[in-house]
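Welcome! Please keep the picture in view as you read.

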Amino acid sequence: MEVHISAQSGDCDPGRAAHPRAVSTRAAGRSDLQTGERSVDFPVSAVLPAGGTGERTGLQTPKQFCSFLGRPLISYTVQAFERVSWIQSIVVVVAKENMELMTDIIQRFQHRKVRVVPGGSTRHRSIFNGVLALGEGERERPAADRPKVVIIHDAVRPFVEEDFLYKIAMAAKEQGAAGAIRPLVSTVIATTSEGYLDHSLERAKYRASEMPQGFTYDVIYQAYQRVESLIKFTFTTQEGVPVLSVGCTESDFEFGTECLHLALQYCGTNAKLIQGPPTLWKVTYKRDLAAAESIIKETLSRSACVITGGSAQAVTLADALLKVAAALDMIMCDNKNIKVLSSWPKRLDVILDLIGENARYLLKEWNFIKISVNSSCLSEVEVTLKDLEAANRAILHPLVVIWSPEMRFWRGLQAISGTGLSTDQPTSSSLCLHAPSPPSTPPPSLGLSPSPPPAFTTISTVLLSSTPSLSPNLFTPTVDQVRTQLKKIKARKATGPDGISSRLLQDCADQLCQVVCYIFNLSLSLERVPVLWKTSCVVPVPKTSRPKEPNHFRPVALMSHLMKALERIVLRHLRPLVSPNMDPLQFAYQPGIGVDDAVIYLLQRSLSHLEDAGNAVRITFFDFSSAFNTIHPSLLRVKLERAGASDQLAAWVTNYLTDRPQFVRLQDCVSDVVVCSTGAPQGTVLSPFLFTLYTSDFTYSTDSCHLQKFSDDTAIVRLSGSDELSISGGAVEPAAIMDLATAAKLRNILLYGIQLHQSKDTERWERSVLRVAEIMSALIRDRSPTLVGQLLQA
Ligand SMILES: Nc1ccn([C@@H]2O[C@H](COP(=O)(O)OP(=O)(O)OP(=O)(O)O)[C@@H](O)[C@H]2O)c(=O)n1
Ligand SMILES: O=C(CO)[C@H](O)[C@H](O)COP(=O)(O)O
Ligand SMILES: [Mg+2]
């Protein structure tokens, strides 16, 4: 955790208390938004080609102009370069028709080192235009002013870090050229013109060429020089061999994809190759946009900016927060198993306001926390809100206002936000107030307590925008839905790990529904479930009066009641969406259908078949050992998407099932936390549904054979004539069943069979039994299921 105290902006009220550490920070000359300083003693510039149309995304808008959290992708890339102090200038190359748009982006996001130049019809042409722009006026300028090194980086690779740029720049200076590489994911093969395999390359020898790439100015400039007819270049390779080159051709410009290749071919410069991190990948397809968005959102949740205003009390409170943050950070470092607090910001900055120098915070992805201690601070809250709105930051950067003991303050907040506590009042502003009752007493120990209080939970969090992410495709529960679910919570249920009692949620449903709705929407739009909501506290309840071993206890998992309410809402949305893809012969967890229906269906089909003399029915029963525990989140995600759930919900569910902390509580004893990333928690609302969906492709139904399920209890019912009950029939069937289970990616199957048969031919029956037992043994050997194999004759 980094904790920073920033300097105050220039325009402060002299009557207000200055931040105690503001002056010393300024004196130290630190720039809070700057990343690590590096010493680079030669001029470096960057060219960001952004002149493409992004055809492969299939979208109208070129991918570099697609927005995430209100900021276009290109601006994130520019920002990554701009915060590197040793990069002096950045040339962004865009198509002519987008010059104005790009200029507007530069103004809106206050990029300061950027120049825009028009692109060409191919990537190489665009890059060359950028390189030429860097050299403009070169003859008049002193050599020292020209960039020594030019870094070229696709505008659609936004997650490049300073460390890596540094490596590229240094290697480029040394070698003339340097580029990022990554291991190949797939093998590269060559095809014949008829579409057959010609040959394949040995994957370990090859690498994928990525960006950034760096060149000395002279190398990249020369690499791009077109040479007309008879004029020829000569150069000497690094091994001292003279080479005659005709220079870069139209074909290179038209079809080439590799700048490093031009440097080698036309300047004899062997590039130094440096393996980069996986985040260097290029946004190419639509799915990459979703991946980029999720990385950006992940980053957003890692930084928070505390705004104190001028009040000395607020400054004290901010200091207390910093202490809490540092202490929490230590706890997290000491015990890597405790992930409950992993949503705590990785960086916390304290500033007085958002004006002057501090306006820079509005340009980055920060969470904002405003500390206000009395009603005279109301005007500050209003100013902060306006700043956030003006910077288009209000939608996904809600302002959280912390703590005030005065009732007047809460009323004032309602006035600012244009809302009241009543949910039916119309809102007049984009921000909406959700104010729980103010704390009757302020939390006095906060600044003094040596042991950290549980972060924000003891302080009131009050002011939020109503729906955090408003993309039209997102599933956004309404306040009414939330109120209904909160009212349905059973008041006598034990409290979950979040410490929020079911009675409180039920009794205060009307007052809480707006703020809870906000949090639900935030969770869904960020595709993340708060860790406390996916934490299970397992309480072992004895099954017998004198329990002696762990099996004599039934594990009851206590989970957050808020999460259960959200799960119910998600379930109501998901069930109709995916129902066409569910298995019609799954009898469990269906409204109005029960175990009786499953038994009646099985008996009716079996017995009516047995009415004809000589017919037989063979039923093979399956069970899954620890059924819910076998769910693999990534497989479930694929199945959810295939069944019709949106990417958003599939990702949210995956996040829910991944990294779930669990601990056991026995009276006053609490076990260590174990973090679990497979299975679905027992006793929750969604788990049965997720399990039935997970097994919905484990299905088979014909006139002579069908597979039916009640939750994880599965029966394969085979209707056959007596002749078919041969040894070979027995062999084929379990193998086919296992194939089916394998295709559905199901594991840990328990298997046992019952054969209903009218024949009295004991010898044949025994042979069949033996054969089936053999098959089952083979299954156990190959797939290690636990077998409870009983073969019964009825
Ligand atoms: N005439 C072009 C073509 C591409 N680029 C830029 O080169 C980078 C990498 O190219 P690519 O991923 O191929 O982007 P597009 O050409 O836009 O996408 P597509 O090939 O799918 O149309 C992008 O930042 C793109 O804007 C460019 O500056 N000028
Ligand atoms: O090959 C490369 C390295 O130089 C880059 O991946 C380049 O971005 C390729 O772009 P395109 O998708 O246009 O082929
Ligand atoms: Mg392209």
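The report below goes from the whole protein to its ligands and then to some charged residues.

## Ground rules

This is a predicted model, in which local features need pLDDT of at least 70 and side-chain atom pairs count only at pLDDT 80 or more, while totals for chains, interfaces and linings use all residues. Residues are numbered from 1 along each chain as its sequence is written, chains are lettered from A and ligands numbered from 1 in the order in which they are written, and side-chain values use heavy atoms, with hydrogens and water left out.

## The whole protein

The protein has 22 helices and 30 strands. Here helices (H or I, at least four residues) and strands (E, at least two) are DSSP runs, numbered from the N terminus. Of its 794 residues, 48% count as buried. Buried means under 20% relative accessible area, exposed means over 50%, and partly exposed is in between (1.4 Å probe, protein chains only).

Now for contacts, meaning heavy atoms within 4.5 Å. Among those between residues at least 6 apart in sequence, 75% join residues at least 24 apart.

## Around ligand 1

A residue is near a molecule if one of its heavy atoms lies within 4 Å of it. There are 19 residues around ligand 1, and G51, G54, E55, S126 and K282 come nearest. Strand β2 (44-50) and helix α4 (123-135) each supply at least two residues of this shell.

A polar side-chain atom of K282 lies 2.6 Å from an oxygen atom of ligand 1, and a backbone N or O atom of T53 lies 3.1 Å from an oxygen atom of ligand 1. Taken alone, ligand 1 exposes 560 Å², and the protein buries 88% of that. Such accessible areas come from the Shrake-Rupley method with a 1.4 Å probe; for residues, only the protein chains shown count as cover.

## Around ligand 2

The residues around ligand 2 include R56, R123, D154, R157, Q213 and K282. Strand β11 (residues 207-216) gives the most to this shell, with 3 residues.

Polar side-chain atoms come close to oxygen atoms of ligand 2: one of D154 at 2.5 Å and one of R157 at 2.8 Å. The protein covers 77% of the 370 Å² of accessible area that ligand 2 has on its own.

## Charged pairs

Side chains of opposite charge can pair when their charged atoms come close. A salt bridge is a side-chain nitrogen of Lys or Arg within 4 Å of a carboxyl oxygen of Asp or Glu, and the count comes to 15 salt bridges. D154 and R157 form one, with their closest N and O atoms 2.9 Å apart. D154 is buried at 4% relative accessibility, and R157 is buried at 5%. Both belong to a network of salt bridges that links R123, D154, R157 and E210.

What separates D507 and R503 in helix α14? They are 4 residues apart, which means about one helical turn. Their salt bridge has its closest N and O atoms 3.6 Å apart. D507 is partly exposed, with a relative accessible area of 48%, and R503 is partly exposed at 44%.

D583 forms a salt bridge with K709, the closest N and O atoms being 3.1 Å apart. D583 lies in the loop between α16 (561-578) and α17 (595-610) and K709 in strand β27 (residues 705-710), so the pair ties together parts that are 126 residues apart in sequence. D583 is buried at 5% relative accessible area, and K709 is buried at 2%.

How values were computed:
A polar contact is a pair of N or O atoms within 3.5 Å; within protein, one must be able to donate a hydrogen and the other to accept it, and residues adjacent in sequence count only if both atoms are side-chain atoms.
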